[in-house]
Amino acid sequence: MKHFAVIGNPIKDSLSPLMHNWIFRNLDLQAKYNKIHVEKEDLPKVVKQLRDNVLCGINVTIPYKEKIMKFIDEINPRAQSIGSVNCIMSKSDKLIGNNTDWYGFTKAIKINHIELHDKEVIVIGAGGVAKSILFSLKNFGVKKIILLNRTLQKARKLEDDIVIAYSIDKIESLIKYDSIIINTTSIGMYTNQFPFEIGFINKKQFLIDIIYTPFETPFLKLGKKIGAKTLNGLDMFIFQGLASLDLWFGEDISKQVNFIQIKSYLEAHIC
Ligand code: ATR
């Protein structure tokens with residue numbers, strides 16, 4: 001039996017165990033997937049479990065996608081250039097860090113037919129997930145990324161010829177009636193808060209959230225109500241998980257999974 005887990009803090013709302021255990025059952029794989037609540041000082045203990053093969057692989061979520069990097073032996077070049085790791089595997093006695101978030105986001109954008117080439121996009125948040133999304137957006141050939149964050153210095157570190165950082169307070173002068181806006185923060189996951197003042201939400205905008213529990217954050221709910229197009233984080237979540245499985249098992253597990261079935265199964269648990 002192979003054991004896998006997602007580590008994070010908080011972790012109680014993660015649907016990763018539900019998704020992966022459903023896939024293991026349906027594909028008859030001898031494997032089990034748990035969630036582990038980890039305090040920062042206990043990260044080395046989890047890494048030891050990987051080294052001792054107690055765990056065959058892990059996903060990493062809030063707030064460790066960057067912090068975990070110093071504990072592992074090798075970072076895949078793409079994950080290195082993104083600057084965050086959400087999937088770790090053990091190969092030839094080495095722990096290798098990968099990033100499957102960028103892929104999950106890319107697939108979600110593609111299957112929902114969202115056109116990003118040559119567009120200006122607003123990204124809110126400058127954490128580990130935001131880095132993966134910036135990477136994906138640049139691959140789509142976006143013209144400009146307006147990166148808004150509570151802590152301006154953190155966003156500034158991600159600036160380049162495409163990305164321009166501002167404090168979230170400046171949103172009024174940057175948001176447009178038809179902006180594409182991506183929330184990468186956890187705002188709306190546990191509280192009824194919005195990533196910015198609701199008066200700036202417009203029906204011509206496209207609102208994207210990386211959160212999938214709740215199924216619709218207050219941000220998406222309001223946007224939808226007034227007629228904006230919306231996309232929650234569930235598709236991205238599923239695709240990052242499928243990509244993690246392919247890495248851990250070294251084969252195309254993802255091709256054997258029916259996306260519609262797994263999505264309906266997860267939706268039934270969220271709603
Ligand atoms: P992750 O790795 O999942 O992206 P993270 O690195 O902790 O998580 O980043 C979370 C992002 O959400 C950050 O941009 C954070 O803003 P700061 O850089 O100012 O900390 C943002 N964020 C989280 N909670 C927030 C809140 N209540 N208000 C505004 N921004 C918040």
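Tutor: Start with K263, which forms a salt bridge with D235, the closest N and O atoms being 2.8 Å apart. K263 belongs to helix α10 and D235 to helix α9, so the pair ties together parts that are 28 residues apart in sequence. A salt bridge here is a side-chain nitrogen of Lys or Arg within 4 Å of a carboxyl oxygen of Asp or Glu. Helices (H or I, at least four residues) and strands (E, at least two) are DSSP runs, numbered from the N terminus.

This is a predicted model, in which local features need pLDDT of at least 70 and side-chain atom pairs count only at pLDDT 80 or more, while totals for chains, interfaces and linings use all residues. Residues are numbered from 1 along each chain as its sequence is written, and side-chain values use heavy atoms, with hydrogens and water left out.

The two partners of this pair have their own accessibilities. D235 has a relative accessible area of 1% and is therefore buried, and K263, at 21%, is partly exposed. Buried means under 20% relative accessible area, exposed over 50%, and partly exposed in between (1.4 Å probe, protein chains only).

Another pair is K176 and E120, whose side chains meet in a salt bridge at 3.2 Å, N to O. K176 sits in the loop between α7 (171-174) and β10 (180-183), and E120 in strand β7 (residues 120-124), so parts 56 residues apart in sequence are tied together. K176 is partly exposed at 42% relative accessibility, and E120 is partly exposed at 21%.

By this rule the count comes to 12 salt bridges. Another of them pairs E66, in the loop between β3 and β4 (74-75), with K131, in helix α5 (residues 128-139), so it ties together parts that are 65 residues apart in sequence. The N to O distance of the E66 and K131 pair is 2.7 Å. E66 counts as partly exposed, at 31% relative accessibility, while K131 is buried at 17%.

Now to the domains. The assignment of the chain, with bounds from an automatic or database domain assignment, gives domain 1 (2-99 + 235-267) and domain 2 (103-232). Taken over C-alpha atoms, their centres are 25 Å apart. Contact means heavy atoms within 4.5 Å, and 22 residues of domain 1 are in contact with 23 residues of domain 2. The area buried between the domains is about 1800 Å², with carbon and sulfur atoms giving 69% of that area. Buried area is the accessible area (1.4 Å probe) that two parts lose on being put together, summed over both.

Across the interface of domain 1 and domain 2 the rule finds one salt bridge. On the side of domain 1 that touches domain 2, α3 (77-82), α9 (234-249) and α10 (259-270) each supply at least two residues. The largest share of that side, six residues, comes from α9.

Helices α9 and α10 also have a part in the packing of another helix. They are among the elements that the buried residues of α1 pack against, along with β1 (2-8), β2 (31-37) and β3 (57-60). Helix α1 (residues 16-26) is mostly covered, with eight of its 11 residues buried. Among the buried residues of α1 are H20, W22 and F24.
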